[in-house]
Amino acid sequence: MAGLNVSVAFFFLVVGVCQALRRLSKRLLSPGAYGCLAKELAGSLQLCMSCLELRMLLEIGLWGGGFGLDVVLTLLFLLFVVHGASFDGASANPTICLQEFLLLESNFTATAAKLLAQGVGTGLGWAVTKLYWSWELTPFHLIQNLMASECSSSIHTPLHHAAFVEGTCSFLFHLVLFKWRQSHLMYRVLVLAATVTFLTYAAGPFTGAFFNPALATAATFHCSGNSFWDYVQVYWLGPLTGMLAALLVFQGNIPRLFQKNLLYNPKSKYKIPKARLSAHKEGDKPQQKMKGEKSNFDPRV
């Protein structure tokens, strides 16, 4: 349990440092630079370091520390609750940035800046976490250092199935995100954390269940077992396809590319109440009678 306590302390330290970085950058930078660069960099750094340490616990701690999968999944849920509450609106996920761009909520320059910040944040998180592991504070980290040079791919299923798994995870995650994006922060954070935990439990044995291209690049692209293009298909194209499918299912169109709704018929914005509609129909009958009487009137009488 000593190794688990060190990892928990590491999680607290990472969140504290990234929170301090957010507050400092908010004071020093303009709102635009903070929102597009500093906020995304801090969020990606926090997410990457936490997930790499948690992945190490999942791979080594289950047999080296004697604790079960329930401990790792509980930590995962609590971490994503903390991430959602502390990210200050950052996504730390390239598919969410591209989704905002396709929904006309972000322009090209802001989207490119966010993607760059996420790449830098995840790369920095990977480097800092490797440095932290090199200190070998626990037996887990010692074993991790011995395995680091011979790490294997997270893809444990045929390539087409792996891409389908990552795409499905991204599809379900973005559907939940669409459904709860306008809700209160507390409910949205809890629902998204539960969704991520469930998807990790269900899809983790097949691909690691990243459904985040930046995080997957830092965690698994350097490992042997698959080529670079295999990783691109599974961890980049899979989540991107899932996000596009979720956008089409929820919106019916992609506003950045075309305005026509492909799946749903447009509904009238204003609806006539049924009572008023029936009264209107009844009011038409006397007028029709009067018109009929006029047509039967003979001026010769």
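**Helix H4 and its surroundings**

In this predicted model, helices H4 and H5 pack at an angle of about 180 degrees with their axes 10 Å apart, where an axis is a line fitted to C-alpha atoms over the stretch in contact and angles run from 0 to 180 degrees between N-to-C directions. The two helices are therefore roughly antiparallel to each other, a term that applies to angles over 145 degrees. On the H4 side the contact (heavy atoms within 4.5 Å) is made by Pro-94, Cys-97, Leu-98, Glu-100 and Phe-101, and on the H5 side by Phe-108, Thr-111, Lys-114, Leu-115 and Gln-118.

Residues are numbered from 1 along each chain as its sequence is written, and local features need pLDDT of at least 70, while side-chain atom pairs count only at pLDDT 80 or more and totals for chains, interfaces and linings use all residues. Side-chain values use heavy atoms, with hydrogens and water left out.

Helix H4 itself spans residues 94-102, and eight of its nine residues are buried, which here means under 20% relative accessible area with a 1.4 Å probe, counting protein chains only. These buried residues, among them Ile-96 and Leu-102, pack against helices H5, H7, H9 and H10. After H4 comes Leu-104, whose phi is positive, near 65 degrees.

Buried residues make up 42% of the 301 residues in the chain.

Conventions:
Buried < 20%, exposed > 50% of the residue type's maximum accessible area, 1.4 Å probe, protein only. Helix = DSSP H or I, 4+ residues; strand = E, 2+ residues; numbered from the N terminus. Parallel < 35°, antiparallel > 145°, perpendicular 65-115°, else oblique.
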